Amino acid sequence: LELSSKTISIDQNSSVFQHPGRSNTNVATLAEGLEGLIMTPLVFDKADLSSVGDIESESSHWKQQVRPELSGGLYVESRFLRGLSREREAKNMSLDPNSSVVFILQIKLENRRTDGSLLRRIRLIQRGVSGSGIHSLHRVKLPQEVGALKQDKKCTLMLGLEFGTNSEKDGNLTAKFDVKSDRGSISIAIRPPLGEMLVPCKMSRDEFNAFVEKMQGIHQRSVHSFSLQNNVRGKTILDQYDSLPDVINKHANLAPVGDKKGWSNDDDCLMLCAELPLSGLLVCVKVKCSIRTKTGEILICCDSTMALNSIMEILKHAVCHS
């Protein structure tokens with residue numbers, strides 16, 4: 001950053017810089033001695049940056065919660081945080097980041113009205129949940145009310161959820177809220193999917209291959225074939241192939257096997273793993289894809305049939321939206 005005497009322009013007679021009862025004759029000397037000054041950019045240690053976490057890579061995909069045509073122009077979407085980003089926000093809310101029943105969501109609000117009007121007093125109000133097999137909230141950390149939001153403007157909030165018990169079944173953990181503003185109110189339900197409940201773990205390629213080889217029962221493995229088609233949502237075959245690892249990561253909290261992230265150059269293979277939150281059973285996912293044949297295959301191995309089917313549905317949906 002380079003400063004010159006032209007950088008700062010001050011009118012000595014301006015009332016902005018006048019203090020009652022004091023002379024302001026020294027204000028003009030503010031820029032003196034700063035000519036040609038060079039400021040060294042701030043430098044951060046790489047370890048310090050990695051300890052903060054990257055919210056874009058440590059989060060799930062965005063999910064629409066409120067449509068503007070049903071809420072007076074208010075659009076709401078949410079995503080789950082993971083890794084260091086989740087840990088940081090959980091600590092800020094006095095929630096235990098090591099607990100598998102704690103979920104942190106980033107909420108995005110947007111004013112999509114077309115008449116230029118403000119949206120005022122936007123807030124979340126917790127609602128009660130009841131029903132057979134439903135695990136209700138133990139604690140909730142609601143974000144502060146947004147006083148006003150101009151047209152086409154956005155803001156993000158953090159919501160903390162802590163459930164009383166965990167589950168390995170989709171839809172069992174449920175939190176309900178009313179999203180209120182001066183234009184009305186609409187109810188939403190937040191249900192952490194099994195893909196977000198998974199606990200990433202570390203495995204070597206040899207351990208992964210040995211586990212997959214052992215899981216040969218019809219209820220221990222599931223296979224799904226898919227194909228890549230050109231010009232899907234404006235993406236080429238190569239675009240879909242390159243983005244598939246990131247898309248899968250956005251839909252399920254799985255860790256790469258070994259040190260390799262993304263596709264293996266040897267066999268166009270993606271290896272991922274995690275543990276189930278309650279039983280600790282391993283979940284191993286192997287994705288193969290070929291640009292030449294435009295086809296691919298998802299293999300999931302797990303000793304829990306219910307979890308196996310749920311995770312396969314999640315990944316099938318991810319591949320369809322790659």
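## Rings that pair up

Rings of Phe, Tyr and Trp (its six-membered ring) count as a pair if their centres lie within 6.5 Å; planes under 30 degrees apart are stacked, over 60 edge-to-face, and the rest tilted. In this predicted model, local features need pLDDT of at least 70 and side-chain atom pairs pLDDT 80 or more, while totals for chains, interfaces and linings use all residues. Residues are numbered from 1 along each chain as its sequence is written, and side-chain values use heavy atoms, leaving out hydrogens and water.

## A Phe cluster

Ring pairs tie Phe80, Phe103 and Phe163 into a cluster.

Phe163 has a relative accessible area of 1%, so it's buried (under 20%, with exposed over 50% and partly exposed in between, using a 1.4 Å probe and protein chains only).

## An open sheet

Now for some strands: 4 of them form an open, antiparallel sheet in the order S8-S6-S10-S11. Strands S8 and S11 are at the edges with a single partner each, so one side of each has no neighbour in the sheet.

Strands pair if DSSP finds at least two bridges between them; S6 and S8 have 3. In one of them, Ile122 partners Val146 in S8.

Conventions
Helix = DSSP H or I, 4+ residues; strand = E, 2+ residues; numbered from the N terminus.
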